[in-house]
Amino acid sequence: MSFRKNYLTRPIHKWAKGALPALSDTEAEAISAGDVHFEAELFSGNPDWKMLRDMKAPRLTEEEQAFLEGPCRQFCDMLDSWEIDHGTADLPKEAWDFLREKGFFGMIIPKDHGGLGFSAFAHSEVVRYISSHSIAGAVTVMVPNSLGPGELILQFGTDAQKKDWLPRLASGQELPAFGLTSEQAGSDASAMIDEGVICKGDWNGEEVLGIRLNWAKRYITLAPVCTVLGLAFKLRDPDGLLGTEPDIGITCALVPTDLPGVETGRRHLPSGTMFMNGPTTGTDVFVPLDHIIGGPDYAGRGWMMLMSALAAGRGISLPSQSAAACAMAAHTTGAYTRIRQQFGLPIGLFGGVQEPLARIAANAYAVDAGRRLTCAALDEGHKLAVISAIMKYHATTRMRESVTDAMDVHSGKAVIDGPLNYIQPIYRSIPIGITVEGANIVTRNLIIFGQGSIRAHPHLLDEMQALGEPDPDKSLDAFDKHFWRHVGHSTKTFFRAWGSAWTGRGKAPKGAGKVAWIYRRLSRWSAAFAVTSDMAFLTLGGALKRKEMITARLGDALSEMYLLSAVLKRWEDEGRHKDDLPLVEYCAAQAFARIGQALDETIANFPARWVSWLLRPTLLPGSHARGPSDRTAEKVAMALYNPTDTRARVTAGLYTPEPDTGLGLLEHAYRLVLEAEPLTKRLREIRKTPEEAREAGVLSKTEFAQLERMQEAVRRVVAVDDFTPQEMAEMFPDYRPNPANPAPKEAAE
Ligand SMILES: Cc1cc2nc3c(=O)[nH]c(=O)nc-3n(C[C@H](O)[C@H](O)[C@H](O)COP(=O)(O)OP(=O)(O)OC[C@H]3O[C@@H](n4cnc5c(N)ncnc54)[C@H](O)[C@@H]3O)c2cc1C
């Protein structure tokens, strides 16, 4: 045995066995359910920029493009958000039929099973497009194509299940829902008490081996109308009918909702957004063993299956919905700041408004960049466990920021609800995105770095697997190999991080042009992040899992680096538009400030003080970046305020509204305001109202009429809804005006 192994590795191996958390079989299986992509490069401290730049930009096929322009458009035309959320509480029947007829529920199902066989990017574009018009419509389409029976059968189903179920799911003959959450089991699915017991039972007149199920799930999207539930439950085999293990573990099965004992139909009201969502219960429901997704071999492997399915779905649905919300905030707020005047000027010319407007623009650009990069990686066949968590959290968080910024800027116009209000439906839906598919706090604190680090770190998983090896000699051998590779890697990274922090220069790819400085700084932060992470593993070991404020900040740094890499990729893929450069620079300055702060706070809060003394002067010499300058923010805000190419790119691919809707009126008014700009400028210069200018002969009759048309269009946008008592009573059947209050005039007459 070598000297190194015997005298150095052995004691470290012994220490590490106690310090690092042992991976349970379930955890190990769940971790291996996804794979890594560019985030692993960022984790390495030395990102391979070529890998990023060589990735193909996502593109739609002709068929996918035609679907977007045809059926998607037609579906949206059938939906009126106000009517759905305040009147019918459901999509119109013709819309449900249309979804089935055109195959919306089978976008992810391959063509040979009767589905549309769309790419991840096409799927995402469809969700983004519909979300820009109707959240209820988008959620209805999202769920069957996301985590649920379709995805699970595709990934794990037996051939017989694929043949039997996929064509019926694709055609919409079967409508699926996925039931995981219950009262006890929210973020912690392992707490569920929903149970299946292996037993014999009657199935089509024959006695077969199967499962007797009892459950009480809540919050389940599409549960009130679904025909089949993908049900997660804990499987037990107390009589040893399957083997020797009495507690088999979390299992997923297909449960038709017309079986005796299944209850569906009751509804929740999710944040006033009236898609189908509700509880479901099951009492002694019997299904044969072949209803386990993947068959009996997959009994007890439900957690791994869920993690794997989440890795695909979580990277698409909510990021696409969020990208739509961010783009809508940009589209509407940019236009509104141009048409709305106060103190004699369009409000977009005030610095106080430009500040949120710039944030809105940057979020729209960055979230969509992240969505595109993530879809491109999914379309390469990756199952992005870490990136999908990054996208879920950051896309929905930035959506919240953008939409509340849009609310602030629109002020009263956005507060007063009614058919004319184009922001409220998006605003109401924010908590849904924040909560579902991994509530955001747990996603930020526990999942992105807490679980992601094991996956994305270049050596950690290998070391943990070596420590988990039951044969002590083999364990030591494997640990010796991976540990010393880790040491070599960390040493190089430490010196790289130190050097680049002090010189401010990391590595940039050749030909990066005007954004070379961004690559350089990103490389610098990637090295600093890798060193800080290693120090966290070294000094905290298994306790790191419980230090959530530290893992959250490290996750923030990783996520900001990922999103900024996506921004650089987008800029390259779109042809390096000079006009978009301020936006890219804004995103970079914002990301560097956030990364600097996240690492600064992490280092300040290391329980071992010597780590702070070592890392601060090495990685954070001087003060770190401040965020975007006012000059950059102003340029970015103006790119949304004016009808620029940047504005067109940031807001491309959204539903074009009917002219008489709130959004249609806004677009019309924006166009008229722009067309009348030379006239309004002239009036400002001569300090006259249109009437005074006409009387003074400075404005022709045609010009005056043009201004009148423009002013009327603006008035219609700025207008908000109000309702008569009768209309109120229609909306709220129990509404009773207080007889003590003065009656409305016409009622009194
Ligand atoms: C509209 C809607 C639709 C849904 N659709 C479905 C569906 O179709 N199928 C389905 O199965 N489920 C669905 N869900 C359930 C959803 O996934 C859960 O609500 C979510 O997992 C959170 O569970 P909870 O609400 O019980 O919150 P809890 O788990 O009680 O969490 C409360 C808070 O604590 C935080 N938290 C919990 N643990 C930790 C931790 N370790 N560290 C840090 N923070 C933590 C959470 O982030 C959250 O902020 C839906 C929910 C909603 C609201």
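Student: What should be kept in mind about numbering and confidence here?
Tutor: Residues are numbered from 1 along each chain as its sequence is written, and side-chain values use heavy atoms, with hydrogens and water left out. Because the model is predicted, local features need pLDDT of at least 70 and side-chain atom pairs count only at pLDDT 80 or more, whereas totals for chains, interfaces and linings use all residues.

Student: Which term describes how α21 and α22 are oriented to each other?
Tutor: Helix α21 (residues 516–540) and helix α22 (residues 548–573) pack at an angle of about 155°, with axes 10 Å apart, where axes are lines fitted to C-alpha atoms over the stretch in contact and angles run from 0 to 180 degrees between N-to-C directions. Angles under 35 degrees count as roughly parallel, over 145 as roughly antiparallel, 65 to 115 as roughly perpendicular and the rest as oblique. The two helices, α21 and α22, are therefore roughly antiparallel.

Student: Which term describes α23 relative to α25?
Tutor: Helix α23 (residues 581–604) packs against helix α25 (residues 630–641) at an angle of about 130°, and their axes are 9 Å apart. That makes α23, relative to α25, oblique.

Student: How many bridges join β3 to β7?
Tutor: Helices (H or I, at least four residues) and strands (E, at least two) are DSSP runs numbered from the N terminus, and two strands pair if DSSP finds at least two bridges between them. Strand β3 (residues 206–221) and strand β7 (residues 277–288) run antiparallel, with I220 standing opposite G278 in β7. The number of bridges joining β3 to β7 is nine.

Student: What is the bridge partner of V262 in β7?
Tutor: Strand β6 (residues 262–263) pairs with β7 in the antiparallel sense over two bridges. Within β7, the bridge partner of V262 is G282.

Student: Is D80 buried, partly exposed or exposed, and what is its relative accessible area?
Tutor: D80 lies in the loop between α5 (62–77) and α6 (81–88), and its C-alpha atom is separated by 9.2 Å from that of P92, twelve residues apart along the chain. Buried means under 20% relative accessible area, exposed over 50% and partly exposed in between, with a 1.4 Å probe and protein chains only. D80 is partly exposed, because its relative accessible area is 42%.
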